[in-house]
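Here is a briefing on the fold of one protein chain. Please keep the sequence and the model side by side as you read.

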Amino acid sequence: MVVLADFEIYCSRPHAPTRRVALGEMDLPCEPAPGFGGVLLAGVVAEHVPGIDPDHIPDIKRLTLELEQGRPIPQPRLRHRLQVDTVGLSSVRHRLMGDGERLWFDFGDSGAPEQQVLGAIYAAGTLDAHVLPSVMASLRRATKWVGPVGDDFIAVVAGGKRGVSFGRAAVENPTAWAMSVMGFEAGGIATAVAAPPVGDVIRRYRALLREAHPDHGAENDGAAQRIADLAEARRILTGR
């Protein structure tokens with residue numbers, strides 16, 4: 001078991017006279033974007049946004065765009081003020097965990113929903129400019145998520161689809177995962193970073209799809225997952 005991404009938020013206490021939030025320690029790897037860091041930040045948003053007044057959701061999305069565009073950020077937001085000083089604030093830490101291909105969230109349980117969502121968005125705003133659009137897009141998708149914040153959520157915010165086995169390797173390097181699914185590497189370990197020619201991908205996809213389909217003699221068990229993974233791998237490698 002390993003920590004793949006984590007970040008810390010400092011929050012004012014529930015009965016404090018002013019509502020404040022500050023950022024603490026962060027380890028948010030986001031390459032290729034959104035990466036483990038972007039998935040974690042999006043997970044925090046999806047986990048806590050149901051506890052926020054729906055009337056405030058447009059301001060959440062507006063804040064992601066302002067940070068993405070490098071614009072000045074008026075304060076307060078969602079009635080909370082961002083500050084640097086952490087004195088008098090309580091710490092909460094969120095993590096993305098991994099064990100083999102399995103991924104899961106370990107969310108802290110203190111602080112108001114607004115503080116957690118704002119902390120995730122402000123943390124995203126500290127990332128390098130070249131990953132920022134992808135990460136902020138993942139956070140905006142997270143504001144609309146309905147359902148458990150688990151495997152399907154991770155697949156969708158990482159750029160995949162529901163029902164696809166988007167585990168650790170897929171989030172870490174989607175192209176390498178797709179090549180592995182399609183069998184384009186030797187020894188079962190994808191090392192290349194460039195996708196093969198589109199024509200080769202389509203031909204390989206059609207051949208593997210026939211092999212995986214029960215109508216052509218494949219076992220029913222696992223066939224639907226294999227077919228879904230093949231379709232997603234084709235999409236990643238061809239862009240369509």
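E4 and E5 form a hairpin with two residues between them. Glycine 100 sits in the turn and has a positive phi of about 65 degrees. This is a predicted model: local features need pLDDT of at least 70, side-chain atom pairs count only at pLDDT 80 or more, and totals for chains, interfaces and linings use all residues. Residues are numbered from 1 along each chain as its sequence is written, and side-chain values use heavy atoms, with hydrogens and water left out.

**Overall layout**

- The chain's secondary structure comes to nine helices and five strands. Helices (H or I, at least four residues) and strands (E, at least two) are DSSP runs, numbered from the N terminus.
- Read from the N terminus, the element order is β-β-α-α-β-β-β-α-α-α-α-α-α-α.
- A box of roughly 70 × 35 × 35 Å, taken along the principal axes, holds the C-alpha atoms of the chain.
- Of the 240 residues in the chain, 45% are buried. Buried means under 20% relative accessible area, exposed over 50%, and partly exposed in between, with a 1.4 Å probe and protein chains only.
- Among contacts in the chain with a separation of 6 or more, 65% link residues 24 or more positions apart. Contact means heavy atoms within 4.5 Å.

**The sheet**

- Five strands make an open sheet, in the order E3-E2-E1-E4-E5, with mixed pairing. Strand E3 (81-82) and E5 stand at the edges with a single partner strand each, so one side of each is left without a neighbour in the sheet.
- Two strands pair if DSSP finds at least two bridges between them.
- Strand E1 (residues 2-11) pairs with strand E4 (residues 90-99) in the antiparallel sense, over nine bridges. Here glutamate 8 stands opposite arginine 93 in E4.
- E1 also pairs with strand E2 (residues 20-27), in the antiparallel sense and over five bridges. Tyrosine 10 stands opposite alanine 22 in E2.
- E4 pairs with strand E5 (residues 102-106) in the antiparallel sense, over five bridges. Methionine 97 has tryptophan 104 in E5 as its bridge partner.

**Helices on the sheet**

- H3 lies across E1, E2, E3 and E4 and runs at about 115 degrees to E1. Axes are lines fitted to C-alpha atoms, for helices over the stretch in contact, and angles run from 0 to 180 degrees between N-to-C directions.
- Glycine 43 belongs to helix H1 (residues 35-48). Glycine 43 is buried, with a relative accessible area of 0%.
- Not counting residues up to four places away in sequence, glycine 43 touches Phe105, Phe107, Val149 and Phe153.
- Tryptophan 145 is 102 residues from glycine 43 along the chain, yet their C-alpha atoms are separated by 9.7 Å.

**Helix pairs**

- Helix H3 (residues 113-124) and helix H4 (residues 132-142) pack at an angle of about 165 degrees, with axes 10 Å apart. That makes H3 roughly antiparallel to H4. Angles under 35 degrees count as roughly parallel, over 145 as roughly antiparallel, 65 to 115 as roughly perpendicular and the rest as oblique.
- In this pair, Ala120, Ile121 and Ala124 of H3 meet Leu132, Val135, Met136 and Leu139 of H4. By class, the contact of H3 with H4 has seven nonpolar, no polar and no charged residues. Ala, Val, Leu, Ile, Met, Phe, Trp, Tyr, Cys and Pro count as nonpolar, Asp, Glu, Lys and Arg as charged, and the others, Gly among them, as polar.
- The buried residues of H4 pack against H1, helix H2 (57-68), H3 and helix H5 (151-157). Among them are Ser138 and Arg140.
- The axes of helix H8 (residues 198-212) and helix H9 (residues 223-238) come within 10 Å and cross at roughly 175 degrees. That makes H8 roughly antiparallel to H9. The contact of H8 with H9 divides into twelve nonpolar, one polar and two charged residues.

**Backbone features in loops**

- The peptide bond from alanine 33 to proline 34 is cis, with omega near 5 degrees. Proline 34 lies in the loop between E2 and H1.
- Glutamine 75 and proline 76 are also joined by a cis peptide bond, with omega about -5 degrees. Proline 76 lies in the loop between H2 and E3.
- Leucine 78 is in the loop between H2 and E3. Leucine 78 has a positive phi of about 50 degrees although it is not a glycine, and it is buried, with a relative accessible area of 7%.
- Arginine 79, found in the loop between H2 and E3, has a positive phi of about 70 degrees although it is not a glycine.
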